[in-house]
Amino acid sequence: PADRAAFMAMRSVADLVLVGAGTVRSENYGPVRLDEDVQQRRMRRGQTALPRMAIVTQIAEIAADARVFGGSGFGGVVKPLLLTTSETAAARTDLSDAAELVECGDDTVDIRRAVDALISRGMPRILCEGGPSLLRSLLADGLVDELCQTFSPVLAGSQHRRLTADLPLPVPLALRL
């Protein structure tokens, strides 16, 4: 519950939720949701009712009917931004009804260019919700100014060889001190 409260508090002040396409697929991401009272507070502060979502993807392996594209707020449907390459934007025109495609590089996504595009659209408070490749890119380019990490007494395994020999556990283990 405490982790969920912190997560929702961060979303309540963010202008934008940034997430990688792999995380969108693996976690079956849906649109950003906030309670109506939180949306009202955001609007009184001059923000949109909901933070916009941006998905970073080099090849856009996301179906046009994916759950993440079903967002709406007080102002109607809120299209996520798809931060991608020029090549992918040209190839995935089928996504233009579901998302606003933003070109952030020719054949690779330039993460600095992507962040600059978000800021230029009036969204300077960016909440990155993962995944690890996106976080690494942001850290490597010096684009992270805060990091919030929570811990839970659950061990799910790791791809780090020293912990679980490169294999996930069959089921997460609930732990306690």
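This is a predicted model: local features need pLDDT of at least 70, side-chain atom pairs count only at pLDDT 80 or more; totals for chains, interfaces and linings use all residues.
Me: How many of the residues are buried, as a percentage?
Reply: A residue counts as buried when its relative accessible area is under 20%. Here, buried residues make up 36% of the 177 residues.

Me: Is Thr 84 buried or exposed?
Reply: Apply the cut-off of under 20% for buried. Thr 84 has 0% relative accessibility, so it counts as buried.

Me: What is Thr 84 in contact with, leaving aside its neighbours within four places in sequence?
Reply: Contact means heavy atoms within 4.5 Å. By that rule, Thr 84 touches Thr 57, Gln 58, Ala 89, Val 102, Glu 103, Cys 104, Gly 105 and Val 109.

Me: What share of contacts in the protein join residues at least 24 apart?
Reply: Take the contacts between residues at least 6 apart in sequence; 58% of these join residues at least 24 apart.

Me: Which residues form the negative surface patch?
Reply: The patch is formed by Glu 87, Glu 103, Asp 106 and Asp 107. Glu 103 is also among the contacts of Thr 84.

Me: Where is Asp 106, and why does it count as exposed?
Reply: Asp 106 lies in the loop between β6 (100–103) and α5 (111–120). Exposed means over 50% relative accessible area. Asp 106 counts as exposed because its relative accessibility is 58%.

Terms used
Residues are numbered from 1 along each chain as its sequence is written. Side-chain values use heavy atoms; hydrogens and water are left out. Patches are made of residues with over 30% relative accessible area and no salt bridge: like charges are joined within 9 Å, nonpolar side chains (Val, Leu, Ile, Met, Phe, Trp, Tyr) within 5 Å. Accessible areas come from the Shrake-Rupley method with a 1.4 Å probe; for residues, only the protein chains shown count as cover. A salt bridge is a side-chain nitrogen of Lys or Arg within 4 Å of a carboxyl oxygen of Asp or Glu. Lys and Arg count as positive and Asp and Glu as negative; His and the chain ends are not counted. The place of a charge is taken as NZ of Lys, CZ of Arg, CG of Asp or CD of Glu. Helices (H or I, at least four residues) and strands (E, at least two) are DSSP runs, numbered from the N terminus. Buried means under 20% relative accessible area, exposed over 50%, partly exposed in between (1.4 Å probe, protein chains only).
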